Amino acid sequence: MKLIRPDMSHKDSVMSYKKEMLDNHDSFDGCAGLEDCDTYEMWLDFDNRLKAKYGDGYVKSDTYIAIDENDEVIGIIDYRKELSPFLLKYGGNIGYSIRPSKRRCGYAKEMLKELLSILKHNNIPKVLLTCDKENEASRKTIIANGGILENEIIDDIGLSVSGIIQRYWITL
């Protein structure tokens with residue numbers, strides 16, 4: 001598995017990823033709004049599309065896809081370069097998801113580890129990740145990559161299943 005920036009050569013695999021996520025009724029965490037895009041070209045226009053959607057709440061981000069040896073998209077991970085008040089409380093710097101058919105293989109842990117290595121190389125000192133208290137897989141992924149629980153907050157906007165969001169910091 002390797003992390004790369006998406007380009008036109010990944011169109012079919014990303015759109016297949018989207019279909020599998022929709023068919024599984026999954027949340028598109030870290031997918032930079034893929035669920036809202038009718039076309040791959042629309043999705044690749046990250047800055048313009050997300051600025052229009054979030055207005056003053058928009059923060060620049062870097063989106064990566066994790067691909068296997070056959071160039072199939074395994075997962076998508078997004079690094080938000082700043083923390084808006086919303087992201088500081090609820091979303092953190094990093095969001096990610098794994099294709100349903102590729103889960104339970106350690107890909108999320110590996111994907112996060114690779115992104116953290118990129119961020120460390122770019123002198124980013126620390127990052128915030130959040131997850132639903134009931135999301136054991138995400139919690140284990142974060143902790144395996146050095147996440148330290150800062151606190152738990154009440155999810156008063158309905159992002160989580162449990163109603164509790166855990167906030168973890170990773171020092172690079």
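Residues are termed buried at under 20% relative accessible area, exposed at over 50%, and partly exposed in between (1.4 Å probe, protein chains only). The structure is a predicted model, in which local features need pLDDT of at least 70 and side-chain atom pairs count only at pLDDT 80 or more, while totals for chains, interfaces and linings use all residues. Residues are numbered from 1 along each chain as its sequence is written, and side-chain values use heavy atoms, with hydrogens and water left out.

S13 is buried, its relative accessible area being 14%. This residue belongs to helix α1 (residues 11-23), where helices (H or I, at least four residues) and strands (E, at least two) are DSSP runs numbered from the N terminus. Not counting residues up to four places away in sequence, S13 touches D71, E72, V73 and R99, a contact being heavy atoms within 4.5 Å.

The structure holds 16 salt bridges, each defined as a side-chain nitrogen of Lys or Arg within 4 Å of a carboxyl oxygen of Asp or Glu. One of them joins the side chains of D62 and R5 (3.6 Å, N to O). D62 lies in strand β2 (residues 61-67) and R5 in the loop between β1 (2-4) and α1, so this pair ties together parts that are 57 residues apart in sequence. D62 is buried at 15% relative accessible area, whereas R5 is partly exposed at 41%.

Within helix α1, K19 and D23 lie 4 residues apart, about one turn of the helix, and their side chains meet in a salt bridge (2.6 Å, N to O). D23 is exposed, with 52% relative accessibility.
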